[in-house]
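Thanks for coming. I will go through the charged side chains in this one, starting with a loop and then moving to the pairs.

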Amino acid sequence: MCEIADRIREEGREEGREEGREEGREEGKSAGRLESKIEDILELLEELGQVPQRIVEHIRSEDNLNILSRWHKSAARATSITEFEANM
């Protein structure tokens, strides 16, 4: 009886470790997507001129991919940094 309980506990631990590894991989992918989107936005803005540090910091502090995607589209359409900032 004790062997069965030990085996069940070990299987549960292994499942938990695998779930943790999978979550870690997903978090890593998500962080990579965020950083890539941030760099894309800044690259587009730099083509419009010197990007003020307050805007760079604001963009770098954002961790919502949906907002970053919206800003990316806005940066692609903007004709000036001022216009982009007004649409943030």
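**Charges on the surface and between helices**

Glutamate 47 sits in the loop between α1 (2–46) and α2 (53–61); helices here are DSSP runs of H or I, at least four residues, numbered from the N terminus. This is a predicted model, where local features need pLDDT of at least 70, side-chain atom pairs count only at pLDDT 80 or more, and totals for chains, interfaces and linings use all residues. Residues are numbered from 1 along each chain as its sequence is written, and side-chain values use heavy atoms, leaving out hydrogens and water.

Glutamate 47 is exposed, at 66% relative accessibility (buried is under 20%, exposed over 50%, partly exposed in between, with a 1.4 Å probe and protein chains only). With Asp40, Glu43 and Glu46, Glu47 forms a surface patch of negative charge (residues with over 30% relative accessible area and no salt bridge, like charges joined within 9 Å).

Now the pairs. The whole structure has three salt bridges, meaning a side-chain nitrogen of Lys or Arg within 4 Å of a carboxyl oxygen of Asp or Glu.

Arginine 60 bridges glutamate 35 at 3.4 Å, N to O. Arginine 60 is in helix α2 and glutamate 35 in helix α1, so this contact ties together parts 25 residues apart in sequence. Arginine 60 also bridges glutamate 39, at 2.9 Å. Arginine 60 is partly exposed at 41%, as is glutamate 39 at 34%.

Finally, glutamate 85 meets arginine 54 at 3.1 Å, N to O. That pair links helix α4 (residues 81–87) to helix α2, 31 residues apart. Shared partners join Glu35, Glu39 and Arg60 into one network.

Conventions. Patch = residues over 30% accessible without salt bridge, like charges linked within 9 Å, V, L, I, M, F, W, Y side chains within 5 Å. Areas by Shrake-Rupley, 256 points an atom, 1.4 Å probe, with all protein chains shown as cover. Lys, Arg positive; Asp, Glu negative; His and termini not counted. Charge placed at Lys NZ, Arg CZ, Asp CG, Glu CD. Helix = DSSP H or I, 4+ residues; strand = E, 2+ residues; numbered from the N terminus.
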